[in-house]
Amino acid sequence: MFWSSKENKEKIEKWFFMIMKMDIRCHFYGEEFSPKVVEQLTGLTLVKKIEVGETLRVGINKGNASDYGCGQLCPPIEFQGNEDFGLGWMALNLSKQIEVLRRCGTEKIEFIIGVWYDKQCNLVFEPESLKLIGELGIPLQVSCYEDY
């Protein structure tokens, strides 16, 4: 049997764990987008939030008022440890809240997955998650980085 030796089992286990880290997030932007209103209406928690008119703290426009609002949605920590790293949670919640997000001024959505891998980057996405994302008409960006 293939699993008969401890050495073979360790080789197979290492092969299955080539994905070291995955960062899944949606970026929302709009000239009238309000992350605070999105949080109030949906119960979702956004990160890296900027309200329209807020003074920017970093970047080339530091010290100036922002002419757009933005925020990012990430899966809660308890979903990030799932086999899909929270992709299913993101797809489901986006599909449930997409109309509210648009009413809150979302003009652009970027769905981004960053993958850090060791040796080889093999990804598997569940069809249900991809179907939900596809039905929303949101492009899915995947960037892979070798983890040194």
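This short talk walks through a few side-chain features of the structure above.

Hi everyone. Please keep in mind that this is a predicted model, where local features need pLDDT of at least 70, side-chain atom pairs count only at pLDDT 80 or more, and totals for chains, interfaces and linings use all residues. Residues are numbered from 1 along each chain as its sequence is written, and side-chain values use heavy atoms, leaving out hydrogens and water.

Let's start with the rings. Rings of Phe, Tyr and Trp (its six-membered ring) pair if their centres lie within 6.5 Å; planes under 30 degrees apart are stacked, over 60 edge-to-face, and the rest tilted. By this rule there are four aromatic pairs. One of them joins Phe-79 and Trp-89: it is tilted, with 6.0 Å centre to centre and 35 degrees between the planes. Phe-79 sits in helix α3 (residues 77–80) and Trp-89 in helix α4 (residues 87–103), so the pair ties together parts 10 residues apart in sequence. Helices here are DSSP runs of H or I with at least four residues, and strands are runs of E with at least two, numbered from the N terminus.

Are these two buried or exposed? Buried means under 20% relative accessible area, exposed over 50%, and partly exposed in between, using a 1.4 Å probe and protein chains only. Phe-79 is partly exposed at 29%, while Trp-89 is buried at 17%.

Now, on to Arg-25. Arg-25 belongs to strand β1 (residues 19–30) and, at 17% relative accessibility, counts as buried.
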